[in-house]
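Here's a quick tour for anyone new to reading protein structures. Take a look at the chains first, then follow along below.

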Amino acid sequence: MRSLRPTLFKAAMTFLGWAVALLLFFPILWTVLTSFKSEVEAIAFPPAFWPSGWTLENYFEVQERSEYFGHFLNSVALSLGSTVIGMLIAIPAAWSMAFQPAASTRHVLMWMLSTKMMPAVGALVPVFLIFKSAGLLDTLPGITLIVLVGNLPIMVWMLYTYFKEIPADILEACRMDGATVWKELVHVLLPMSLPGVASTMLLNIILAWNEAFWTLSLTAVKAAPLSAFIASYSSPQGLFWAKLSAASTLAIVPILIIGWISQKQLVRGLTFGAVK
Amino acid sequence: MGSIKLDGLKKAFGSQTVIPDANLEIADGEFVVFVGPSGCGKSTLLRLIAGLEEPTDGRILIDGRDVTHAAPARRKLAMVFQSYALYPHMSVYQNIAFPLKMAGEKADVIRVRVQEVATSLDLLPYLERRPRALSGGQRQRVAIGRAIIRQPAGFLFDEPLSNLDAALRVSMRTEISELHRRLRSTMIYVTHDQVEAMTMADRIAVMNAGRIEQFDTPLELYRRPANMFVAGFIGSPKMNFIEGARAREYDARTIGIRPEAIDWSIDSGKWRGRVERVEHLGAETVVHLSLDTADILTFRTPLDERLVAGRTIHVSPREDSIYRFDGEGRAIPGPKRNP
Ligand SMILES: Nc1ncnc2c1ncn2[C@@H]1O[C@H](COP(=O)(O)OP(=O)(O)O)[C@@H](O)[C@H]1O
Ligand SMILES: [Mg+2]
């Protein structure tokens, strides 16, 4: 009797774990399943769980009606562009804040974070007007810039935290050994904080890939990435659930694959320092 | 090449002055130890010399060249850190080679030099290992290897042995002394352990609250301490300090008597006291005696069964080894005894 209680508890926790996981995963599963149904079946009530026909028609139609591949390339350019340029800015910024802190460094960090607490829509009108007069609306550089600026605080914060983990002695040894700042960065700092740098980049790629607010507001056709492309299927002409699902599936599959491959790295980076 | 001169050196962190005014001249090839209690500013002074801290005031000269504002690498000094500060992602080989690589040395020159250094430090079998796969003593040797490979004008050690166990500490101490004999370059060695200081140093700078209290050879510090701080810091067990009437008898505010300069007897002597505690260390015995005043007197003596706690005995300081100090704690030179 006595040993039954821990076993029961464990079973209950396992069940709870599965339930939460299924709950979180269900929308994605439903989207994928719906993308293989016909439009009629997709809106049928009560809904059928499994598609009766398993049709690929939605996918063909989505590709035909809109240039999926073009949007895919836009998403790639946006994610990689904002991440690479962002790292070029964030690494020196985090370096100086971690290793050459001034009296105001803490305030700067807090201020940067506070920009993420403001709803983005608060800045929409001025940003839109600036973009309009600068000719940046619906351009890749424009949308890359705004996504980059939006994610920069997170990148600097993450890198700052990882850099702080590196013992000051090691960097001082590096200076004694005659390394310039650049060599210190290349030979010691970046290799030592590689898990952190990698997860910062991965997280930023994912955030940029999924970014929907600015892409919807500032792009239309030419520079629209996949997140904007999905939205074009919920248009005033009517909702097409099956095609919307097919478009969504197409949009999330690449990032799901990246996330799947790199999940070990991502978890290691995000818990870096917590489990030393 | 390798003389170091500190000229009115001052360091403050914000409003806290850590080093008020340091003046020191270290000759080329000398082994100098900075010793003092924890927090007295030894590391800060060493880091000022290294160039890792910017002085608030004053000058640092190496071989007569003003390096006060020169970058660390330009000072031709190498440092061994307390934590070793090895690069964890590099092999032993890469760690030792790093300074040469930074100096832009050619790969084949580096290979030869690393082999030499690794041979002299018994590190050859470990060249491909990462630091984390080494023992404490081996890591220490890698840190030393990384320091000597550049053939610097001087070495700076910041408590390099404090992370090692007692036995290893003694053997590394010998190894570092050996290294100094072999290389003949200037070395500055920071420690809070006076035994390390006494056994290794040519000259010792005794520090207290950021000040260099005395800079002299180990024996001079022992024989002629400049003040009560140095007298109390050098020697183990600590020197006894006695005030009041007993000191006035010697025309001093305080007198100091080393535990090894006291004779005892059961029935006669200058002062009478009760044995409070007896520590048997084998070859010798350390006795703590309470005099009839509040003073506690510690002395060392060969083993004797008659010394037991609670017993009343007599002690006499050797008159020629009584140190006298004035009201400021400074040593009073001259004849020991009031005529
Ligand atoms: N970077 C710093 N900022 C502020 N205070 C410091 C700094 N480094 C050292 N100190 C202070 O200077 C004093 C001397 O420190 P340190 O040189 O490390 O002593 P030691 O090496 O003799 O133990 C200490 O009171 C310490 O708190
Ligand atoms: Mg120290």
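## An annotated domain in chain B

Which residues of chain B does the UniProt annotation "domain: ABC transporter" cover? According to that unreviewed entry, the domain covers residues 4-234 of chain B. Keep in mind that what you're looking at is a predicted model. In this model, residues 4-234 of chain B are 36% helix and 26% strand, and the end C-alpha atoms of the span lie 25 Å apart.

## Zooming in on Gln138(B)

Inside chain B, find helix H4, which runs over residues 136-148 and includes Gln138(B). Is Gln138(B) buried or exposed? Buried means under 20% relative accessible area. Gln138(B) comes out at 14%, so it counts as buried.

Leaving aside residues up to four places away in sequence, Gln138(B) touches Leu123(B) and Tyr126(B). With Tyr126(B) there's also a polar contact between the side chains, at 3.2 Å.

Now look for an open sheet of five strands in chain B, ordered E13-E17-E14-E15-E16, with antiparallel pairing. Its edges are E13 (262-265) and E16 (296-302) of chain B, each pairing on one side only. On average, neighbouring strands here are turned by 45 degrees against each other, ignoring direction.

Strand E15 (residues 284-291) of chain B pairs with E16(B) over seven bridges. For Val286(B), the bridge partner in E16(B) is Arg300(B).

## Over to chain A

UniProt's unreviewed entry marks several transmembrane regions in chain A, including residues 76-96 and 143-163. Residues 76-96 of chain A are 100% helix, with end C-alpha atoms 30 Å apart. Residues 143-163 of chain A are also 100% helix, and there the ends lie 29 Å apart, C-alpha to C-alpha.

Definitions and conventions. Residues are numbered from 1 along each chain as its sequence is written. Chains are lettered from A and ligands numbered from 1 in the order in which they are written. This is a predicted model: local features need pLDDT of at least 70, side-chain atom pairs count only at pLDDT 80 or more; totals for chains, interfaces and linings use all residues. Side-chain values use heavy atoms; hydrogens and water are left out. UniProt positions are given in the numbering used here, feature names are shortened, and annotations may be inferred rather than shown by experiment. Helices (H or I, at least four residues) and strands (E, at least two) are DSSP runs, numbered from the N terminus. Buried means under 20% relative accessible area, exposed over 50%, partly exposed in between (1.4 Å probe, protein chains only). A polar contact is a pair of N or O atoms within 3.5 Å; within protein, one must be able to donate a hydrogen and the other to accept it, and residues adjacent in sequence count only if both atoms are side-chain atoms. Contact means heavy atoms within 4.5 Å. Two strands pair if DSSP finds at least two bridges between them. Axes are lines fitted to C-alpha atoms, for helices over the stretch in contact, and angles run from 0 to 180 degrees between N-to-C directions.
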